[in-house]
Amino acid sequence: MSPVFRREDGYKFKIFSNEEERMHIHVIRAEHEAKFWLEPCVELAENDGFANHELNKIQKMVEQYGDKFKEQFSQHVGKRIND
């Protein structure tokens with residue numbers, strides 16, 4: 001199982017170790033999921049079910065914690081464990 005790196009307002013922020021190397025974070029709430037690139041800047045990569053207004057809110061959170069997520073991504077992916 002991939003660990004949850006942050007929980008806020010019902011959203012879970014997760015990083016999977018066996019995915020692509022470009023830094024990113026998955027945001028999950030209920031049955032919806034979005035993936036945001038963390039570099040070179042925060043940008044929506046994929047969306048499955050979130051409305052636009054909610055994506056804007058999520059993107060602001062990802063931007064707020066972006067440096068911490070990058071640090072966590074580097075530490076977690078460096079382990080290359082099975083999720």
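Q: What should I know about the model before I start?
A: It's predicted, so local features need pLDDT of at least 70 and side-chain atom pairs count only at pLDDT 80 or more, while totals for chains, interfaces and linings use all residues. Residues are numbered from 1 along each chain as its sequence is written, and side-chain values use heavy atoms, with hydrogens and water left out.

Q: How is a pair of aromatic rings described, and how many aromatic pairs turn up in the whole structure?
A: You give the distance of the centres and the angle of the planes. Rings of Phe, Tyr and Trp (its six-membered ring) pair if their centres lie within 6.5 Å; planes under 30 degrees apart are stacked, over 60 edge-to-face, and the rest tilted. Searching the whole structure gives three pairs. Take Tyr11 and Phe50: their ring centres are 6.1 Å apart and the planes meet at 50°, so this pair is tilted. Tyr11 is in strand E2 and Phe50 in the loop between strand E5 (43-48) and helix H1 (52-64), so the pair ties together parts 39 residues apart in sequence. (Helices, H or I, at least four residues, and strands, E, at least two, are DSSP runs numbered from the N terminus.) There's also one aromatic cluster, made of Phe13, Tyr65 and Phe69.

Q: Are Tyr11 and Phe50 buried or exposed?
A: Buried means under 20% relative accessible area, exposed over 50%, and partly exposed in between (1.4 Å probe, protein chains only). Tyr11 has 1%, so it's buried, and Phe50 counts as buried at 5%.

Q: Which residue has its charge over the ring of Tyr11?
A: The rule is NZ of Lys or CZ of Arg within 6 Å of the ring centre and within 35 degrees of the ring normal. Arg29 lies over the face of Tyr11, 4.8 Å from the ring centre. Over at Tyr65, the charged end of Arg6 sits above the ring, 3.7 Å from its centre.

Q: How do I read the faces of a helix, and which residues of H1 are buried?
A: An α-helix has 3.6 residues a turn, so residues three or four places apart point the same way. In H1, the buried ones are Glu54, Leu55, Ile58, Met61 and Val62. Looking down the axis of H1, they fall within an arc of 120° (taken from the directions from the helix axis to the C-beta atoms), so they line one face. Asn52, His53, Lys60 and Gln64 are exposed on the other side of H1.
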